[in-house]
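Have the viewer open while you read.

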Amino acid sequence: MKQLSLEKLNDLFALIGQTEALYLPVDDAAGQAAYRRWQPGYTLSKALNTVRSAKDFFFPQTENLVDFKMQGKSIEVIDPRTEQENFVLFGVRACDARSFSILDKVFLADPVDTYYQSRREHGTIVTLACTRPEETCFCTVFGIDPAEPAGDVSCWIEENTLFMKANTPKGDALLTLAAPLLSEGGDDAVAAQQAATRSVLARLPLAKLSLDGMGGESMLKLFDSDKWAELSQACIGCGTCTFVCPTCQCYDIKDFNTGDGVRRFRCWDSCMYSDFTRMAHGNPRLTQRERFRQRFMHKLVYFPANNHGEYGCVGCGRCLSKCPVSMNIVKVAKALEGEVK
Amino acid sequence: MQEMMIAKARELLKSGAVQRVLGWKAGEFAYDVEPAVFESAQELEKSFVYNDFCGSNLSKYLIAQSRKEGKTLVFLKPCDTYSFSQLLAEHRIVRENVYAIGIPCQGKTDGETLKGKGFTGILSAQCEGDTFTVHTLYGDKTAARADVLPERCLNCKSKKHMIYDELLGEDGEVLDSHRFDMVEKLEKMTPDERFAFWRGELSRCIRCNACRNVCPACTCEKCVFDNDASGIAQKAAADSFEENMFHIIRAFHVAGRCTDCGECSRVCPQNIPLHLLNRKFIKDINELYGAYQAGEDPDAKSPLTDYTMNDAEPGIVYHRGGNQ
Amino acid sequence: MQNEMTTFKPKIVAFCCNWCSYAGADLAGTNRLTYPADVKIIRVPCSCRVNPMFILRAFQRGADGVIICGCHPGDCHYTTGNYYARRRMTLLFSMLDFLGIEKERTRVEWVSAAEGAKFAATMNDFVATVTKLGENKRLEDLRCKK
């Protein structure tokens, strides 16, 4: 375990920022946390988490795939990718850190998504332990311990000290870089903080959320459940839940006519949208009920069925606080509980 | 009030006067109240609520509900009645299938607003008189009502119901509000400052379309931004231009029809003050074409489907208001 | 920089109504009146056919200024179209200004079929105004830049 006085936190950021792009949560104009590239004067946000998840760094909302330039009768095909720079993501919470392993299962499975892969390879993830979880948090349901977050480096902030521990070779390299600022010690302080945090975790209102019976074995039963009509009734079909979600990974590929060529890009899609997976024959999900069902079936049933029981949710609670009509995965899971018993 | 509403709803359901009730349903926490349809007395008893978190405007749901067989009972707060009246004027709601009950409103807060004021780990929240008591994982805290109300309620334009079949509680008055203060403040800035302000705000947009989908004035069956054939369909803002375009067009399309209910800003996950764009149009309309409040008079012509021979020329923009 | 300023030629999109302003442009042509060739005219049935989206898209596609020309109020071929256009454009321009976008980049001018000289003078004046403002940076779409 390494430690650093918080007074020197900016020195640490400056040191990392010198050699790599450093991103960390800072407060935006509306007072909410958002990842920004560090520059002198920025301070780490005190918010529990960012509104947008950390998936943006590996799977950005829009991304150029290929450019076509037309000249006369010839078409030039241009790969717009430039050399990906190394970057450090500081202050990722345990829930978002888990989301990367879920996204990996999608994008790094054969055929590998090289755009995503390149970003993953160049990113170093520095996680930060939670000390004040909120009522919307339920990461522990998925076996995540926010007091012992994963990532290349795990950090804890206690009183005036930052404690750091490397978990991977990438993490070792970062701590070696920061070595001039760091000193040894802090195991006891971290253990004490973890004990305190875990006592709060046990008191979280959603700590006992049960997902028993979800997963592939009850697929048809859940699919045909008549609960969906009632659950989806208030849904306004916006994309808030999908866009703040750290594990939603559906995207669309679009062409933009630039005037002298075509820019092919991908952008996040939302299963809540009426044109989601629209094809030549039309749309397979005609009403909001089916689209709404798709989102939750994907997270609670299809994903675990295809990935050894791992759910497509990390319990970050973003959809709980952001949904315009306060509908969310917890309400859905609770409503469906009776269906699979 | 909640008890009165449940009793009324039960009575109307029982007599067969209405087939369903559109109201608000309790959630997991104190604040995550969700719009819901109730079809039986049991459902009402179980989860119907009316409290300080019932901010969502139910009028847009009537577009679908009023097309179902039988009557729908709906509870409308004063500002919701403006939207209801406007939707009726636009022939979006089947009036004879709606039984509207006006209910009073003292301003509604929401979980996001409480969290923004530093209440984290909210387990429950009650309001007695003018004091909110919030029980959190980290201790109990109190706050004055006025301190935890969102901007739209602090600048409430009216406590008067525009249209209803029945009223529970007393009707209020149209209020003098300061709702255009921020618009004025922006107008006084230089164009560079305004540009910087709006870039700072709109660049946070994640194009979730919540502002559009929740808006009672946005009722196109197929939005131009969802229509591939329109040539400007966007699923995400791939360029800052698209952020600007979406928000200009969204606000323009509801200009003259927007009742200023403030739902767009309430639902924005990035807390972008979208209502300012709508209020700019309202303020301009008031100044240039005479005072007009959408949803107030169902027979009034909307300012953008009307004209006079002596209207101001567009060139007036070069001279009026704003810093040059 | 100086050199760039002097060689900057703005791209202007002019929406002209079929009945008055387009004919006015025609008259300017037959009278051999000159105005910059960077004005691209798009003929519309009426000034009120111009959707705010058209104006934004013109900027997106590289326009530095957009001007809408229609019949004089009272003379609309469809009787009242330009009255509606007048309100819409006033509100739109005001909104663009509210967002900090240079209001001088947009203009409405009433040009009748007999006003060839006014058409040419209007275009010359508008091009001069936009040239002074320089390239459109605030409503540009970088993807459309060459």
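This is a predicted model: local features need pLDDT of at least 70, side-chain atom pairs count only at pLDDT 80 or more; totals for chains, interfaces and linings use all residues.

1. Every value here is computed from it.

2. How does the radius of gyration of chain C sit against a compact globule? For 146 residues such a globule would come out near 15 Å, and chain C has 15 Å, so the two agree. Along the principal axes, the C-alpha atoms of chain C occupy a box of roughly 45 × 35 × 20 Å.

3. Burial and contacts round out chain C. Of its 146 residues, 55% count as buried. If you take the contacts in chain C with a separation of 6 or more, 82% of them are between residues 24 or more positions apart.

4. Chain B carries 12 helices and eight strands. The globule rule gives 20 Å for its 324 residues and the chain has a radius of gyration of 21 Å, so chain B is as compact as a globular protein of that length. Its C-alpha box, again along the principal axes, is roughly 60 × 50 × 40 Å.

5. In chain B, 48% of the 324 residues count as buried. Looking at chain B contacts between residues at least 6 apart in sequence, 65% link residues at least 24 apart.

6. One helix in chain B deserves a look: α10, residues 240-253. Is α10(B) enclosed or open? Of its 14 residues, 13 are buried, so the rest of the structure largely encloses this helix.

7. In soluble globular proteins, nonpolar side chains tend to be buried together. Here the largest nonpolar core has 227 residues, and the members that touch the most others are A:Leu89, A:Cys139, A:Cys155, B:Val74, C:Ile12, C:Cys17 and C:Met95. Helix α4 of chain C (residues 81-98) supplies the largest share of this core, eight residues.

8. Which residues does A:Cys139 contact once neighbours within four places in sequence are set aside? They are A:Ala94, A:Cys95, A:Ile144, A:Pro146, A:Val314, A:Gly315 and A:Cys316.

Conventions: Residues are numbered from 1 along each chain as its sequence is written. Chains are lettered from A and ligands numbered from 1 in the order in which they are written. A nonpolar core is a set of buried Ala, Val, Leu, Ile, Met, Phe, Trp, Tyr and Cys residues joined through C-beta atoms within 7 Å. A residue is buried if 20 or more other C-beta atoms lie within 10 Å of its own, exposed if 12 or fewer, and partly exposed in between; C-beta atoms are placed from the backbone. Helices (H or I, at least four residues) and strands (E, at least two) are DSSP runs, numbered from the N terminus. Two residues are in contact if their C-beta atoms, placed from the backbone, lie within 7 Å. The radius of gyration is taken over C-alpha atoms; the globule rule is 2.2 Å times the number of residues to the power 0.38. The expected span of a helix is 1.5 Å times one less than its number of residues.
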